[in-house]
Amino acid sequence: MKKLHIILAAVLCAFTGAASLCAVTVASAETPLYKAAFMIDAATGTPVYEYNADERLPIASMVKIMTLLLCFEEADRGGINPDSDITVSANAASMGGSQAFLDANCSYKAGELIKSIVVASANDSCVAMAEHICGSVESFTERMNKRAGELGMSNTYFVNCTGLPAPNQYCSARDAVIMMRELIKHERFFEYAGVWMFDFVHPSGRITTLTNTNKLVRFYEGCDGGKTGFTNEALSCLTATAKRGQTRFIAAVVGAPDSKTRNAEVSRLFNEGFGKYSTEKVIDSAEPLDPVPVNGGKSDSVRVAFKNDFCLFTEKSARQEITRNIEIFDVKAPVRAGDTVGRAILTAPDGSVAGEVEIVATENVGAMNYGDIVNDFISEW
């Protein structure tokens, strides 16, 4: 296949070894103050710290990470929107623990219920959303477990949507990070997660003031989201995310003795990560590209784009120059949006490949027929 090779300007970024996504580990305390912990670079999924990361443990309200993920995915499917009316059952209103103190048989907006889950870990709002989306908490929990399997969460089993103590309900620190990484793909999560305090207004006009249970959104630079948890069984738990520059980490600490310790330990992991590592976006899918020539098409070219972003995550001390090489294929009509028409190859100074990103068509281009050829000939006459 004929290819057009274009060498673009070198991109400065960090690189260590082959495809760059090598596992690295930050230093840990000699005696961990928790039962388990795990941290990754969010962009690449590269693990940077783990301790008992796959141990099956109760995680209390961090179960709600999956509850929230299903709520946002239901919104993506068009099943709900922020203004959807949700009628609260007596069962939902009876939930104990953290709650928004919902009124039974009253209607609330879905956006406000989800916001109360993100900010204040409201158990009653969780049950109200679960019952609305799936008809029952049991059916919703089945969907939670199915989604966990799809995400590769092999050390997780959900029994309810709240994280309230239940026999045989467990998760691992690694799995908590996996589901948080999926949750933060939804921008609306961040709109809610950064709220420190808000007045939750009930249909009757009664007001419940709710405060964010994740104190790091106020007291740790770059922390813009997370989910806390506490029960006597699970102890203090926190999965949080923080971003500085292009680098975002997600960290989970499970089974710390108290909230002060869990916050300090997650902050320590973030500090070590930001101090030692960096993430560089080498390919930005929003970057404009020149149209690609098309042979035998109704149009002589097709608009294209990078299929996805590509980031490299490495130690700050290992920064090297990465070269981006664009290959454009010999494209023949017909072309459909999404067809691969080229690729970007990222190479290190030693010639090893750091990664590849496909270049795809963003529109359809039909093949010329006999009439098109005649008309084209006449227009050129």
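Glutamate 327 has a relative accessible area of 6%, so it counts as buried (buried is under 20%, exposed over 50%, partly exposed in between, with a 1.4 Å probe and protein chains only). Its place is in strand β17, residues 319-329 (helices, H or I, of at least four residues and strands, E, of at least two are DSSP runs numbered from the N terminus).

Keep in mind that this is a predicted model, where local features need pLDDT of at least 70, side-chain atom pairs count only at pLDDT 80 or more, and totals for chains, interfaces and linings use all residues. Residues are numbered from 1 along each chain as its sequence is written, and side-chain values use heavy atoms, with hydrogens and water left out.

**Aromatic rings**

- A search of the whole structure turns up 11 aromatic pairs (Phe, Tyr or Trp rings, the six-membered one for Trp, with centres within 6.5 Å; planes under 30 degrees apart are stacked, over 60 edge-to-face, the rest tilted).
- One of the pairs is phenylalanine 249 with phenylalanine 274, which is edge-to-face because the planes are at 70°, with the centres 4.9 Å apart.
- That pair links distant parts of the chain, 25 residues apart: phenylalanine 249 is in strand β11 (residues 247-256) and phenylalanine 274 in helix α9 (residues 259-276).
- Phenylalanine 249 is buried at 0% relative accessibility, and phenylalanine 274 is buried at 8%.
- Phenylalanine 274 also pairs with phenylalanine 270, this time tilted, at 6.4 Å centre to centre and 45° between the planes.
- Those two both lie in helix α9, 4 residues apart, or about one turn of the helix.
- Tyr220, Phe249, Phe270, Phe274, Tyr277 and Phe313 form one aromatic cluster.

**Charges over rings**

- The charged end of lysine 115 sits over the ring of phenylalanine 198, 4.2 Å from its centre (the rule: NZ of Lys or CZ of Arg within 6 Å of the ring centre and within 35 degrees of the ring normal).
- Likewise, the charged end of arginine 174 sits over the ring of phenylalanine 38, 4.6 Å from its centre.

- Most residues other than glycine have a negative phi, and most peptide bonds are trans.
- A cis peptide bond joins alanine 333 and proline 334, with omega about 5°.
- Proline 334 is in the loop between β18 (331-332) and β19 (340-347).
- Phenylalanine 101 has a positive phi, near 60°, and lies in the loop between α2 (90-93) and β6 (107-109).
- With a relative accessible area of 45%, phenylalanine 101 is partly exposed.
- Asparagine 168 also has a positive phi, about 65°, and sits in the loop between α5 (137-150) and α6 (173-183).
- Asparagine 168 is exposed, with a relative accessible area of 53%.
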